[in-house]
Structures are given as C-alpha cells and as structure tokens.
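User: Hi! Could you pick one part of this structure and take me through it closely, with the cut-offs behind each term?

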Amino acid sequence: MEHETVDPVVIDLECDDDETIRLKAQEGLAAPAPLFALRNYGFEDLIHKVRDATRSRDQLDGFSGHDKCVSCELTDKLAATLKQRCREVAGRLCDAVLGEEFLAELDRTGRTIDGRQSLRYYPGGDGTGDIALGPHVDNTLFTMLWADGPGFQVVTTHEAAESSSGLGLPSIGPSFPQGVSEDKWAEVAQFWSEDLLLVTVGQEWIDVGAESHNEMMLRVKRAALHRVALPKSPRHSLPFLVRIVSQAESEANNW
C-alpha cells in the first residue's frame, strides 16, 4: 500500500543556537516516534566518500545475493574520521538538548558517549513494500542515521506506539509487532533527499531518563519504533549508534 509521509523537525547546526536546538528537539521528541533531523552538520562530503569507498571495497555493484539488507563494517582511516565527527555532533546534541550537566555527570562516573557505525546496503526490490528490516527500536541513547534513498518508516499515532511497547522490546523480524496495522506506518521524507541526519530516540534514552530524572529525557515515553521497507532502487544507510559506555571501553574501541 502507499504510505503517507511525515517531515521531521529540522535543526540547523550552523544557524540555530542551543536554545533553538532544544526547542526544536522538544517538538520532534513529542511525536509518536520521537525524532528530528540535522542540517549543516559539517561532514556531508565525508559520508559520501565513506559510502563510495565501502561500495568499491565490498564490490556492492556486483552484489548477486538474496539478502534484503547487507551490513558492511567500517574500519579504515576515513571511517575513523567519520566516527569522530559523529561523536562531536552527538556531544553537541547532548549539551544542547539534555544540558551540559548530562555529559559532566557521565565524566564524573567514568563514562562517556560513543557509537558503533556500519554501512547498510539494501539491493532494492520490486517496489511492492516488502520489509527489509522489521519493526524494532534501537538499544541506543539515540541513533544518527544518514541514508540516500526512501524506506525508513515510523508509527504515526501514540496509540500504535503504546500498543507495541506493551509487547516488550521489539526484535528484528517480519512478525512484530502484530498490533500495528499498515495504515499506522508512514515514510519519513525529506531527510534522505537533503543529506540530513535523522536522530531517533533509542531504548537507553528511556532507561537512563528514568534513573537520572533528566527533564528532557523524561518527556519521551518510549523509543522510536521504526522499520525499513525495501526500496525500488538500491539504498545505502549509515547509522551511528550512540550509547553510554565506560571511558576505558571508548578509548580501547572495545564495546
């Protein structure tokens, strides 16, 4: 079926001050699937270079398998630079949205934020709406996602989000959650066609908010339930999965 589209609230990291960032984020976090997008984050060209280098290294142009989603590890120097730039943006978001005390408290307890990244390749299909990545929430503080094609879908009503969260943490697979009908899913538009980063709330945000009593975290009742529909044309995405880890794990890049 043809799904409706939703446009995310867009934060401009070049023009918006911290107060504006916080207010825009607050608006986006009130949605059934809490999310917002970032413009002018400063490394748009680098992401394209990492995508192209990974496509060449893993010979994705000649992919002939049957997998609907192929995950490619990012381990070279170019990817290391990208990871550091993503960490910097994630840190700015934490300061602006959650308050500077959030990262300061992590530092006092020997923790920090870091992230895993990979390139995901979706070969494309016949456009019938087949699901490549089943409904789930990320086990992250938040995820920063870049993509170059459509397919990222979220729930559109608080009732649908609440009914699915009652079934426990969603897993990757076509059968979950049974409680969300097709007409309650929408395509997130704009971000992939404009080189934006899409920021979605993960389960760790919910768990840490309950422990820390951070005001902005507590505004969000559940993580962003999402899925990926198989596009007609090949699609690449690059998620940066931001989590709270020990400083030792971050320094060793071992988590």
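Analyst: **Cysteines, sheet and helices**

Cys69 is partly exposed, with a relative accessibility of 24%; on this scale, buried means under 20% relative accessible area, exposed over 50%, and partly exposed in between (1.4 Å probe, protein chains only). Bear in mind that this is a predicted model, where local features need pLDDT of at least 70 and side-chain atom pairs count only at pLDDT 80 or more, while totals for chains, interfaces and linings use all residues. Residues are numbered from 1 along each chain as its sequence is written, and side-chain values use heavy atoms, leaving out hydrogens and water.

A search of the whole structure finds 0 disulfides, a disulfide being a pair of cysteine sulfur atoms within 2.5 Å. Cys15 is exposed, at 59% relative accessible area.

Now the sheet. An open, mixed sheet of 7 strands runs in the order E2-E3-E10-E7-E12-E5-E4. Strands (E, at least two residues) and helices (H or I, at least four) are DSSP runs numbered from the N terminus, and two strands pair if DSSP finds at least two bridges between them. E2 (10–12) and E4 (70–73) are the edge strands, each with a single partner, so one side of each has no neighbour in the sheet. E2 runs parallel to E3 and is joined to it by 3 bridges, with Ile11 having Leu38 in E3 as its bridge partner. In E3 (residues 35–39), 4 of the 5 residues are buried, so the rest of the structure largely encloses this strand.

Finally, a pair of helices. The axes of H3 (residues 77–98) and H4 (residues 100–108) come within 5 Å and cross at roughly 120°; axes are lines fitted to C-alpha atoms, for helices over the stretch in contact, with angles from 0 to 180 degrees between N-to-C directions. That makes H3 oblique to H4, since angles under 35 degrees count as roughly parallel, over 145 as roughly antiparallel, 65 to 115 as roughly perpendicular and the rest as oblique. Gly91, Cys94, Asp95 and Leu98 of H3 meet Glu100, Phe102 and Leu103 of H4, where contact means heavy atoms within 4.5 Å.
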